[in-house]
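Dear colleague,

I am handing over the structure below, and I would ask you to keep it open while you read the notes that follow.

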Amino acid sequence: MVPMSKSNLNAKLWYEKPARAWTDALPIGNGRLGAMIFGKVNQERLQLNEDSVWYGGPVNGNNPDGRKYLPEVRRLLMQGKHVEAEELAQMGMMSIPKSLHPYQPLGELQLYHDGEKKMISNYYRDLDIEEGIAHVCYSLNDVRHVRELFSSAVDQVIVIRVSCDRPATLNLRMNLSRRPFDEGSHRFGKDTLVMRGECGRDGVTLCTAVKAVADGGTVSIIGDFLSISKANAVTIYLAAATTFRCEDPLGECIQQLEKAAGKGYERVKQDHLTDHISKMKRVSLELGRPGDFHETASLPTDVRLQRFKEGGEDPALISLYFQFGRYLLMASSRPGSNPANLQGIWNESFTPPWESKYTININTEMNYWPAEICNLSECHEPLFDLIDRMRPNGRITAQKVYGCKGIVAHHNTDMWGATQIEGNFMPGSIWPMGAAWLSLHLWEHFRFGLNETFLRERAYPVMREAAEFFLDYLFEDKQGRLVTGPSTSPENKYIGSDGSVGCLCIGPSMDTQIVYTLFQACIEASRTLHMDETIRSQWETALSKLPKPQIGKYGQLQEWVEDWEEVHPGHRHISHLFALHPGEIIHVRHTPEWAQAARRTLERRLENGGGHTGWSRAWILNFYARLEDAEQCYEHLRLLLSQSTLPNLFDNHPPFQIDGNFGGTAGIAEMLLQSHRGEIVLLPALPEAWKNGKASGFRARGGFEVGMEWEDGELTHCVIKAAKNNVCRIVSKTPNAPFLVESNGKTIATRISEYVTEFDVMEGTTYVVKAQKQAELIEAKRASSSN
């Protein structure tokens, strides 16, 4: 039986009381199948989710009048008549029906302890993110009870092990429910309960099944309850399936349960541990010296978080938060699963906020910012699968609504890959950039791994189709520039020259920045693959005619082609800084004037109350990381945890929305390592609070894996592993301060150019990198000690 150990607390979220609310509960998941664990004693509740439980089926929502009215909407916008344009666009372009369907809960497993209510003591619950196992431990009248719970990606089941330290005294009963859409459950054999359900007309059919295996004692079914009597321990296996993936969900569930039970608890657990730990341990992060904050590490997580909110320092809590973000990505996005939605996979509502779908004007993309740099590249794959499902729909939308070739998508999609102009929300709906932005995630996956087969067979075809749309869709304005429209700057509004409020417009800055980034990526990809010279020249021509970033009257980067005032200058979306992050158009050294304008943009947003949602604060963190402003990064990370983080470390939009967790994790990584524009920057935004530390397993574009150590704010040691033959370019913080590079004890020839140290690397080779100044100090110290 697992002891109530509090060892290795920096890999655990732990608490001294059961969860009072859903946002206190702890999440487990295997990418597809998840649960929220409350840790209650006499009546435990596991709230269950399966990633394909969506209400209804595919929605064919393209407005049949879209293509007819598009030219008139454009004409009105070009004449400055945005009110008339918006009225016509609302009727003639927006989808029918207006909204997509919601992602919904699978149900609940209720677990009851039979017998009298007893004296509870020594309570402890945790989530060990390194092992991917949750524990609930307590004593009932001095009888010690332990629960272990995990969701196995290997065996595709949730496993609950309940044990106590007095033989033949464990009495439990459990049942499944799905209120208010509960269709009841029934027995299957002597030890299994089955619950089925449906998700509306044309929706999936679902099945959940639970099987109990007792050590000693008996298992029986009474009514719709599984009952365990006088057992030493019991292992409960829970499976779920829908017709999204298989024709026979019940058969799939029973097969999974029998396979897991046939292996036995210890082997199922060991296989889970081997799989989970191997991924979690790819990356380590230690902020501060070991033992610096030992007292805070011994506090419960909610107490630590509250202490941090009150101004206390706790670098180890930041490390825990970072690794928790990696854990959540593994738990909600695995190969073969659906991608992480607005809540990952954890949702208790049948009518969740924003339908808990995929909002692709920032939120879904933010979910995957940590995937590559944080060494969970395979967790990116579900997003690519969704993009593949979107492509046929995107071609239809492009043709029917815009009369264009290629693929297009707008600000929301669902499990089925919808691409229509979804919704009735003018500031957000008519925004034809969703497919373009998503396609860049395939490009990023290639840039980190340099797998040309992936580029040729999967990434480039999607990118090419997304770019093909814009070759048709872009049109010239009065100045001869190629612009988009109708579109919006998500999800903001402007005050026009006549004082009227608008949102639909021509050529918002974010559109141009995404199109520029996409065309550049396609040009580079086609050159890498030695193909498509003809269309490449078209992209290059179009690229030269796109509007450049413009600086407005406040010194800010303009959000629109015109220097309009924002209706909400503190708006949560800061879309026009896409060029800074995740884009690369704006750079602190290469484009300092635009970088200063980006800084001013952030200042104005913040002066007017910006960053008030969790994901928005996380994006601000990433912006400041790209500006290499360490203390601003740390300030906004503190605010993210202090104002937008729940007791279980979930991000709080509010309400709970998981993108802030992923954006925060990515931001921490971005503070420590950047690799855009073909350059690696080590510790670009290291705050004073983290002046000592070490990290390993981070990935950089170009096929590199990076580990670092630093003391007193200075890099002391760096190890770079090359996955491919390539050129490595490392940037120093000051000019003419080169790095020294060694491999296998031999000095590697480098090429020095102001800030950059460049050297050739070979596949499979490890390189040790030191700042020359730091290396000289270390050598001097060694010489002094030897004397």
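Let me begin with cysteine 207, which has a relative accessible area of 1% and is therefore buried (buried means under 20% relative accessible area, exposed over 50% and partly exposed in between, with a 1.4 Å probe and protein chains only). Please bear in mind that this is a predicted model, in which local features need pLDDT of at least 70 and side-chain atom pairs count only at pLDDT 80 or more, while totals for chains, interfaces and linings use all residues. Residues are numbered from 1 along each chain as its sequence is written, and side-chain values use heavy atoms, with hydrogens and water left out.

How many disulfides are there, if a disulfide is a pair of cysteine sulfur atoms within 2.5 Å? The count is zero. For cysteine 207, which is in no disulfide, the nearest cysteine sulfur is that of cysteine 253, 4.0 Å away.

Turning to the helices and strands (DSSP runs numbered from the N terminus, helices being H or I with at least four residues and strands E with at least two), helix H17 covers residues 630–643. Its 14 residues reach 20 Å from the first C-alpha to the last, close to the 20 Å expected at 1.5 Å a residue, where the expected span is 1.5 Å times one less than the number of residues. Ten of the 14 residues of H17 are buried, so the helix is largely enclosed by the rest of the structure; among them are Cys633, Tyr634 and Arg638.

Nine strands form an open sheet with antiparallel pairing, in the order S1-S6-S7-S8-S9-S16-S13-S12-S11 (two strands pair if DSSP finds at least two bridges between them). Strands S1 (12–15) and S11 (185–188) stand at the edges with a single partner strand each, so one side of each is left without a neighbour in the sheet. Within this sheet, eight bridges join S8 (residues 143–152) to S9 (residues 157–164), and serine 151 stands opposite isoleucine 158 in S9.

Finally, the structure holds 31 aromatic pairs, in which rings of Phe, Tyr and Trp (its six-membered ring) have centres within 6.5 Å, with planes under 30 degrees apart counted as stacked, over 60 as edge-to-face and the rest as tilted. One of the pairs joins tryptophan 22 and phenylalanine 650, which is tilted, at 6.0 Å centre to centre and 35° between the planes.

With best wishes

Methods
A disulfide is a pair of cysteine sulfur atoms within 2.5 Å.
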